[in-house]
Amino acid sequence: NDPTLMFTNAGMVQFKNVFTGVEKRGYQRATTSQKCVRAGGKHNDLDNVGYTARHLTFFEMLGNFSFGDYFKERAIELAWNLITRDFGLKKDKLLVTVYHTDDEAAGYWKKIAGFSDDRIIRIPTSDNFWAMGDTGPCGPCSEIFIDRGEHIWGGPPGSPEEDGDRFLEFWNLVFMQYEQVTKEERVALPRPSIDTGMGLERMACILQGVESVFETDLFRHLIDAASSALGHGPNAQNVASYRVIADHLRSSAFLIADGVLPSNEGRGYAYPDLVRAEKLIEETLQLEETRFRKTLVRGLSILDEKSAGLKKGDMFDGDTAFTLYDTYGFPLDLTQDALKSRGISVDQASFTDAMNRQREKARASWAGSGEAATETIWFPLREKLGATEFLGYETESAEGAVTALVKDGAEVDSLKAGESGAIVLNQTPFYAESGGQVGDIGVLTGEGVKFRVTDMQKKAGDLFVHVGTVEQGTLKAGTALQLEVDHARRSSIRANH
């Protein structure tokens with residue numbers, strides 16, 4: 001319920017209101033294993049994935065929390081005991097950072113770990129002042145690093161070579177003392193608290209004695225599968241690509257299982273566990289890959305042609321980049337990635353201008369249509385959700401998830417048993433009325449829910465709308481459904497049409 005976030009990007013998200021005092025819980029301490037995604041916004045690791053030994057778009061954040069109970073000294077003691085006594089990490093390989101004015105934290109590290117000043121690095125930047133976003137709980141933090149040896153390139157935090165992989169940060173102890181109310185205003189929290197975050201994958205890398213998270217047992221089978229499919233394994237030239245494939249497959253599987261399905265806008269919706277969603281994951285990824293292969297071949301051909309005269313340091317025209325996106329479905333980030341190896345950047349300002357012009361043109365066109373006066377809901381939904389993926393030429397049954405519900409011309413949160421309305425799905429085998437052919441009817445069923453489709457309509461061009469009545473349960477955004485077209489009726493319609 002946090003409108004400031006597209007994804008859960010940190011382990012403390014579910015405790016945000018507890019830190020600020022808005023919400024009370026029946027406990028003062030907690031430990032968590034939190035699924036996180038960093039693929040956009042303030043915490044965005046997408047561009048680093050594959051090129052470092054540690055960055056991922058999806059990861060599991062292990063954390064321990066105090067809500068006004070223990071604070072800095074106890075948090076440092078708990079961390080030190082876990083990593084040296086329980087995990088058995090060598091003390092002489094460890095070092096920490098603290099915010100440059102946090103003498104208290106530095107003192108506790110000296111007392112508890114016996115660190116000398118050169119093992120406690122003071123950082124004056126936001127790297128050691130943690131904030132979830134532009135507003136919200138925040139405070140100074142202390143990161144724990146391990147030195148993995150001179151054979152790996154990189155320098156300690158604060159040095160010019162800190163972006164290397166030799167010194168791996170695996171745990172961040174956040175001393176939650178403040179709330180950033182606005183950009184200019186910061187106030188003290190009612191109860192100083194603790195928020196820690198340790199990356200499961202990074203700790204697995206350390207404990208398994210490998211140099212990259214992609215060499216752990218969490219990723220090896222994915223890279224092996226990619227190697228088998230391609231007929232060759234990773235080498236120095238293409239290893240980043242193999243890592244990206246493994247990372248994105250893993251992220252996509254977990255996102256789809258949680259109901260975040262491929263979409264042009266926003267993040268999608270919410271959903272069941274990974275195993276229960278296996279069929280949906282496989283079907284969705286296969287469809288997305290098949291569609292994207294066509295986009296890739298066509299887009300790269302046009303991109304090569306349009307950028308043939310450019311050299312390193314040049315800028316690719318943003319209007320052309322938008323045409324690639326708008327006409328051929330070739331995303332901006334893919335254009336940027338394709339040109340990156342040649343040292344060519346994209347004029348993002350002109351791309352954004354072209355995007356805004358197209359949106360205004362589409363809105364004006366929609367507003368001028370006769371349908372707009374009575375059904376203004378559909379264009380904003382089309383803009384938010386993107387086109388519905390139609391599967392009806394290949395199958396009459398599929399799995400899908402509800403992306404929007406409409407009743408009496410307005411978007412609603414749910415439809416209950418006995419209520420009639422219209423629903424939009426991420427994908428559907430149901431044919432919508434067009435070209436003189438009536439739409440399909442059929443049944444959508446899920447866990448404890450059943451929706452009878454009595455009509456199918458296309459809105460805003462390519463938004464497939466399932467009109468009908470909920471016969472059982474409550475239908476909500478994110479509900480997973482089995483989609484079954486009335487086969488006998490479709491066959492009769494097809495024969496007559």
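This is a predicted model: local features need pLDDT of at least 70, side-chain atom pairs count only at pLDDT 80 or more; totals for chains, interfaces and linings use all residues.
Colleague: Which kind of aromatic pair do Phe322 and Phe351 form?
Modeller: A pair of aromatic rings is described by the distance of the centres and the angle of the planes. For Phe322 and Phe351 the centres lie 5.8 Å apart and the planes make an angle of 70°. Since planes over 60 degrees apart fall into that class, the pair of Phe322 and Phe351 is edge-to-face.

Colleague: How many residues apart in sequence are the parts that the pair of Phe322 and Phe351 ties together?
Modeller: Phe322 is buried at 8% relative accessibility, and Phe351 is likewise buried, with a relative accessible area of 7%. Phe322 belongs to helix H8 (residues 318-328) and Phe351 to helix H10 (residues 348-367), so the parts that this pair ties together are separated in sequence by 29 residues.

Colleague: Where do Arg357 and Asp319 lie, the residues whose pair ties together parts 38 residues apart in sequence?
Modeller: The side chains of Arg357 and Asp319 form a salt bridge, with 3.0 Å from N to O. Asp319 is partly exposed, because its relative accessible area is 34%. As for their places, Asp319 lies in helix H8 and Arg357 in helix H10.

Colleague: Are Arg202 and Glu169 buried or exposed?
Modeller: The whole structure contains 21 salt bridges, and one of them is formed by the side chains of Arg202 and Glu169 at 3.7 Å, N to O. This pair links distant parts of the chain, 33 residues apart, with Arg202 in helix H4 and Glu169 in strand S7. With the term applying under 20% relative accessible area, both Arg202 and Glu169 are buried.

Colleague: Which residues of H4 are buried?
Modeller: Helix H4 spans residues 200-207 and is mostly covered, with six of its eight residues buried. The cover over these buried residues includes strands S2 (58-66), S6 (136-147), S7 (167-180) and S8 (186-199), together with helix H6 (239-257). After H4 comes Gly209, which has a positive phi near 70°. The buried residues themselves are Glu201, Arg202, Met203, Ala204, Cys205 and Ile206.

Colleague: Which residues make the nonpolar surface patch of about 240 Å²?
Modeller: One member of the patch, Ile245, has its place in helix H6. The nonpolar patch of about 240 Å² is made by Leu230, Ile245 and Leu249.

Colleague: How many residues apart in sequence are the parts that Glu411 and Lys384 tie together?
Modeller: The side chains of Glu411 and Lys384 meet in a salt bridge, at 3.3 Å from N to O. Glu411 is partly exposed, with a relative accessible area of 38%, and Lys384 is also partly exposed, with a relative accessible area of 38%. Glu411 lies in strand S13 and Lys384 in helix H11 (residues 378-385), so the parts tied together by the pair are separated in sequence by 27 residues.

Colleague: Which residues do salt bridges that share partners join into one network?
Modeller: Lys72, which lies in helix H2 (residues 72-86), is buried with a relative accessible area of 3%. Leaving aside residues up to four places away in sequence, Lys72 touches Asp102, Glu104, Ala105, Tyr108, Phe175, Gln177 and Ile194. The network of salt bridges with shared partners consists of Lys72, Asp102 and Glu104.

Colleague: What phi does Asp408 have, although it is not a glycine?
Modeller: Asp408 has its place in the loop between strand S12 (397-407) and strand S13 (410-412). Asp408 is exposed, because its relative accessible area is 75%. Although Asp408 is not a glycine, its phi is positive, at about 55°.

Colleague: Over the ring of which residue does the charged end of Lys340 sit?
Modeller: A charge counts as sitting over a ring when it is within 6 Å of the ring centre and within 35 degrees of the ring normal. Arg186 lies over the face of Tyr178 at 5.9 Å from the ring centre. The charged end of Lys340 is 5.0 Å from the centre of its ring, which belongs to Tyr51.

How values were computed
Residues are numbered from 1 along each chain as its sequence is written. Side-chain values use heavy atoms; hydrogens and water are left out. Buried means under 20% relative accessible area, exposed over 50%, partly exposed in between (1.4 Å probe, protein chains only). Helices (H or I, at least four residues) and strands (E, at least two) are DSSP runs, numbered from the N terminus. Contact means heavy atoms within 4.5 Å. Patches are made of residues with over 30% relative accessible area and no salt bridge: like charges are joined within 9 Å, nonpolar side chains (Val, Leu, Ile, Met, Phe, Trp, Tyr) within 5 Å. Accessible areas come from the Shrake-Rupley method with a 1.4 Å probe; for residues, only the protein chains shown count as cover. A salt bridge is a side-chain nitrogen of Lys or Arg within 4 Å of a carboxyl oxygen of Asp or Glu. Rings of Phe, Tyr and Trp (its six-membered ring) pair if their centres lie within 6.5 Å; planes under 30 degrees apart count as stacked, over 60 as edge-to-face and the rest as tilted.
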